[in-house]
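Here's a quick briefing to read with the model open beside you.

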Amino acid sequence: MIRLAILADLHANLAATLAVHADLQRRGLTDIWILGDLVGKGPRPREVLDWAQAHATRVIQGNWDARVAGATHRPQDLWPRSRLTPAQLTYLGELPYGIEEQFGGAWWRFVHASSRGLFHRLYPHSSLHDQLEAFAPNAQHGLTRHADALVYADMHEALLLDVEGRPLINCGSVGNPLDSTLPCYLILEFDPHSPNHTATFVRLTYDRDEEISAAEASDMPFTREYIAELLTGAYQKRRARTGE
């Protein structure tokens, strides 16, 4: 069997990342694919990026990775950018858009947000047309195959849908889950001699208090919103404040 650990949306949450790493070691999972957003939101971008570069087999770019690398200049982009080395910023900026790989004769596509673009969201309630379009080629982003299955991230919510016979899977978030307060990742297992596969979601506890302490000790923007998301699993809209 081929066994892949699919992680995404680590968001500079080192405590959650290390908890997932310990679980991967316990399960003997060494083929680790990260579907973007290593940095942004959390207090320890350099440490999480160091971990990913040391342990991940394959990594693709997320929208926050692109923003922090220079695509936009919001306060929440500038702060992690200032904590990373020029080499790390180059690494984030040069990450590939997606992966297309054949398992058991079926073509699997892995992207961060969607097949249309880093900043285009694919929702569970997206139209059937939009969901089917996600499996189509997009040469602009190097996606050349008609995918038989799609695995993505970005929404921070674990998801498994059947789209007219094609699996549409969201791996959930390690560092910033918004469907729970527990980190989530995906294990995919493939039979190399058939298109059969299994998809298993794993949720873990972690030292959330240690992560909150790291955020409070930092001078990162939107600390309050970040901590609220860790405590509640509910998205907090970030707006720049004045007079504080």
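Which helix do the buried residues of α8 pack against? They pack against α7, residues 208-217. Keep in mind that this is a predicted model.

**Helix α8 and L230**

- Helix α8 covers residues 223-232, and its buried residues are T223, E225, Y226, I227, E229 and L230.
- L230 sits in helix α8 and has a relative accessible area of 3%, so with the cut-off for buried at under 20%, L230 counts as buried.
- Setting aside neighbours within four places in sequence, L230 is in contact with N13, G175, T181, Y206, R208, E211 and I212.

**H11 in its loop**

- H11 belongs to the loop that runs between β1 (2-7) and α1 (14-27).
- Is H11 buried or exposed? Its relative accessibility is 0%, so H11 goes down as buried.
- Not counting residues up to four places away in sequence, H11 touches D37, L38, V39, G40, K41, G42, W64, H156, N176 and Y226.
- One of those partners, Y226, is also on the list of buried residues in α8.

**How α3 meets α4**

- Two packed helices are described by the angle between their axes and the distance between the axes.
- For α3 and helix α4 (residues 75-83), the angle is about 75° and the axes are 8 Å apart.
- Angles from 65 to 115 degrees count as roughly perpendicular, and α3 and α4 are therefore roughly perpendicular to each other.
- On the α3 side, W64, R67, V68, A69 and G70 make the contact, while α4 brings Q76, D77, P80 and R81.
- By class, the residues of this contact come out as four nonpolar, two polar and three charged.

**The largest pocket**

- The volume of the largest pocket is about 520 Å³.
- Its lining has 24 residues, and K41, W64, R121, D154 and Y235 are the ones nearest its centre.
- Which helix gives the largest share of the lining of the largest pocket? That is α3 (residues 63-71), with three residues.
- Sorted by class, the pocket lining has 10 charged, nine nonpolar and five polar residues.

- Rolling a probe the size of a water molecule over the atoms shows where empty space is left.
- How many cavities of 30 Å³ or more does a search of the whole structure find? The search finds two.
- The largest cavity holds about 80 Å³ of space.
- Lining the largest cavity are K41, G42, W64, Q76, W79, P80, M220, P221, F222, Y226 and R238.
- Helix α4 supplies the largest share of that lining, three residues.
- The lining of the largest cavity splits into seven nonpolar, two polar and two charged residues.
- W64 and K41 turn up in this lining and also among the residues nearest the centre of the largest pocket.
- The second largest cavity has about 30 Å³ of space.
- Around the second largest cavity you'll find S114, S115, R116, H120, L122, D130, E133 and A134.
- By class, the lining of the second largest cavity has three charged, three polar and two nonpolar residues.

Technical notes. Residues numbered from 1 in each chain as written. Predicted model: local features only at pLDDT ≥ 70, side-chain atom pairs only at ≥ 80, totals over all residues. Heavy atoms only, no water. 1 Å grid on protein atoms, 1.4 Å probe; cavity = no way out; pocket = protein on both sides within 12 Å on 5 of 7 lines; lining within 4 Å. Points joined across faces, edges and corners; volume = space filled by probe spheres on them. Helix = DSSP H or I, 4+ residues; strand = E, 2+ residues; numbered from the N terminus. Nonpolar A, V, L, I, M, F, W, Y, C, P; charged D, E, K, R; others polar. Buried < 20%, exposed > 50% of the residue type's maximum accessible area, 1.4 Å probe, protein only. Contact = heavy atoms within 4.5 Å. Axes fitted to C-alpha atoms, helices over the stretch in contact; angles between N-to-C directions. Parallel < 35°, antiparallel > 145°, perpendicular 65-115°, else oblique.
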